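Have a look at the structure below before reading on.

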Amino acid sequence: MNVWLEKQRHLIDFTLASLARRKTKNLGLLLVYTLLVAVLASLTLFTNALRSEAAYVLAGSPEVILQRMVAGRHDLIPPGYFDKIGRIRGVQKKEGRLWGYYYDPVLKANYTFMARPAEEVADGSIMVGATLARERGLAPHNTISFRSYSGKLFAFEVASVLSPDSELLSADLILLSENDFRAFFEYPAGHYTDIALSVANPQEVRNVAAKLSEALPDSRPILREEVLRTYQSIFDWREGIMLTVLAGAIFAFSILAWEKAAGLSAEEKREIGILKAIGWETGDVIRMKMWEGLLISLSAFLLGLVAAYIHVFYLGAAVFEPVLKGWAVLYPRFALIPAVDGLQIATLFFFTVFPYTAAVLVPIWRAAITDPDSVMR
Amino acid sequence: MIELTQIKKAFNQGRPNEYWALNGIDLSLERGKVTAFCGPSGSGKTTLLTLVGCLSRPTSGRVRFKGEDISGLPERFLTDIRRQSFGFVFQQFNLIKGLSALENVILPGFPTGRPRAELIAAAHILFEQLKLTHRANARVEWLSGGEQQRVAIARALINNPEVIIADEPTANLDTVLSREFMAILEGFTAAGKTVLLTSHDPLVVESTAVHRVIGMRDGCLVDA
Ligand SMILES: Nc1ncnc2c1ncn2[C@@H]1O[C@H](COP(=O)(O)OP(=O)(O)OP(=O)(O)O)[C@@H](O)[C@H]1O
Ligand SMILES: [Mg+2]
């Protein structure tokens, strides 16, 4: 055991010395490799964080949202509709919601206006999403005016900026009082945009939805779990595009690795011959090269991972933002909550470290099994 | 100590460029002696040394080392024997560039698992004997030809082998350095080592340090 350990130490020593001898070549390789891992890992971390972000945001939203449909399109909830729902077992709370979109010609962006009860937002004041506040340069107690669709100008005082906890979805959000909302959009009294229902027991959600459809045939219940699934598939789809691109990157990298390995220089081949002639076994040579491959790929992997972590969680994934985000017109410049999935990291490890090490080993193996007598000539 | 019977060696056997480098060699070599092989270029001297030194295997015939038939052993065992019993000094020295003299010398010790400190200590003793201590940490490509050869000799000795095999050891050296090498050879004999070398050089062949000269021609032994 001791001898084995000592041998590995010798091999690593020699490997380090060898790496240092071909500094530029190995540093270049390390750089390319690190870059590739960083891009791949950024993507992995980023999509994963987005997904958990969406889940986190949706966790606060109601289990069921009821919309009324007219001619297959979302329509207002008329007065009295609310009472037709009656009592459904399992529904804890039902609430009419008021929200709508507003196009701001200043930012050329859409905002989501949402009414909140008077206890939360007083008449004449609003609460704004952090991104929006930043883009329009708003701070608490500032005043801002919006021209309504009917052409009237409304001035609001900013009561507060929404906490950027889940900036992804609240980026373009404006909360205002019900009265202001109805006045601003000239929303008919007694009408609502949709109805939110809270269901405590997740098992009951589908029952509740079925009963709602029965009681109100012109309604469409939207379940949170379905929304969640839609989000997930959107992410999966976007991820798919990126993965296709990245498959190309990996392929290019494999060629690079292969070339480095297959292009074992005459010098390296001679050295392998010398080592064998002076008593190294084929296995020793291969192990030494394996250490070399592992040292390069492991350091590239770790460096790339750290770079990706910084890129995604501290620099806001600047490289991917335009591709992967953007259902809101305002790009939320948010700090994602660091979320790392062990399995994904393991997959990434497998697809970067393993092919490289394999690609390096094959030609080494071929060189290492040749007879050592060539060094005598 | 080393016995060769009916050794034949073919390169590219069965192909159109088949070439028989050795054509039936019978030879017995004594322990503790310096034997020199001489003969024209292409006569098979190097090929013979690679067979004895376990760097390759004969096409037919037997190689016995200390009574044991080693000609049929698998590569692993040949490597073991080579590492324990043979030290090589190559014509081109075959040092590994970019490493220091010291690092080159301790390389053959790695597969034995001897602790690094012990190897370094052994290397320093050899450097002292070969008057090379002041160059121990220099990169080998900065060394002169004679210094490089002494590094190669130190490397051949690090595992304390019984047999030293030197192919054209003086081909790259001038007269003074060649004489120095012959002096080192006498040291080997004093230490009880068996030495096999090849040479064209009369200075080597006629030296008193060499106990036996064997002539070769066209893959056969001839009287020197
Ligand atoms: N791997 C090989 N493939 C084909 N032919 C070979 C090979 N190795 C040696 N030979 C041939 O075998 C013959 C003997 O070669 P060897 O190297 O043993 O000669 P040598 O006596 O050492 O010559 P020199 O004095 O020039 O070193 C040569 O004709 C050489 O061309
Ligand atoms: Mg030769």
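A polar contact here means a pair of N or O atoms within 3.5 Å. Keep in mind that this is a predicted model.

## Polar contacts of ligand 1

With that cut-off in hand, start with B:Ser43: one of its polar backbone atoms sits 3.3 Å from an oxygen atom of ligand 1. B:Ser41 puts a polar side-chain atom 2.4 Å from a ligand 1 oxygen, and for B:Thr46 the distance from a side-chain N or O atom to an oxygen atom of ligand 1 is 2.5 Å.

How much of ligand 1 does the protein bury? On its own, ligand 1 exposes 630 Å², and 72% of that is buried by the protein.

## The shell around it

If you're picking residues to look at, ligand 1 lies between chains A and B. There are 15 residues around ligand 1, and the ones that come nearest are B:Ser41, B:Gly42, B:Lys45, B:Thr46 and B:Thr47. Sorted by class, the shell comes out as 8 polar, 4 nonpolar and 3 charged residues.

Which elements of chain B supply at least two residues of that shell each? They're strand S2 (19-29) and helix H1 (45-52). H1(B) gives the most, with 3 residues.

## A helix pair in chain B

Two packed helices are described by the angle between their axes and the distance between the axes. In chain B, take helix H5 (residues 145-157) and helix H6 (residues 175-190): they pack at about 15°, and their axes are 11 Å apart. Angles under 35 degrees count as roughly parallel, so H5(B) is roughly parallel to H6(B). As for handedness, H5(B) and H6(B) make a right-handed crossing.

## A helix pair in chain A

Over in chain A, helix H9 (residues 266-277) packs against helix H10 (residues 282-313). The angle is about 135° and the axes are 9 Å apart. That angle makes H9(A) oblique to H10(A).

And is the crossing of H9(A) and H10(A) left-handed or right-handed? H9(A) passes H10(A) in a right-handed crossing.

Conventions
Residues numbered from 1 in each chain as written. Chains lettered and ligands numbered in written order. Predicted model: local features only at pLDDT ≥ 70, side-chain atom pairs only at ≥ 80, totals over all residues. Heavy atoms only, no water. Near = heavy atom within 4 Å. Polar contact = N/O pair within 3.5 Å; in protein donor to acceptor, adjacent residues only side chain to side chain. Areas by Shrake-Rupley, 256 points an atom, 1.4 Å probe, with all protein chains shown as cover. Helix = DSSP H or I, 4+ residues; strand = E, 2+ residues; numbered from the N terminus. Nonpolar A, V, L, I, M, F, W, Y, C, P; charged D, E, K, R; others polar. Axes fitted to C-alpha atoms, helices over the stretch in contact; angles between N-to-C directions. Parallel < 35°, antiparallel > 145°, perpendicular 65-115°, else oblique. Left-handed = near helix turned anticlockwise from the far one by under 90°.
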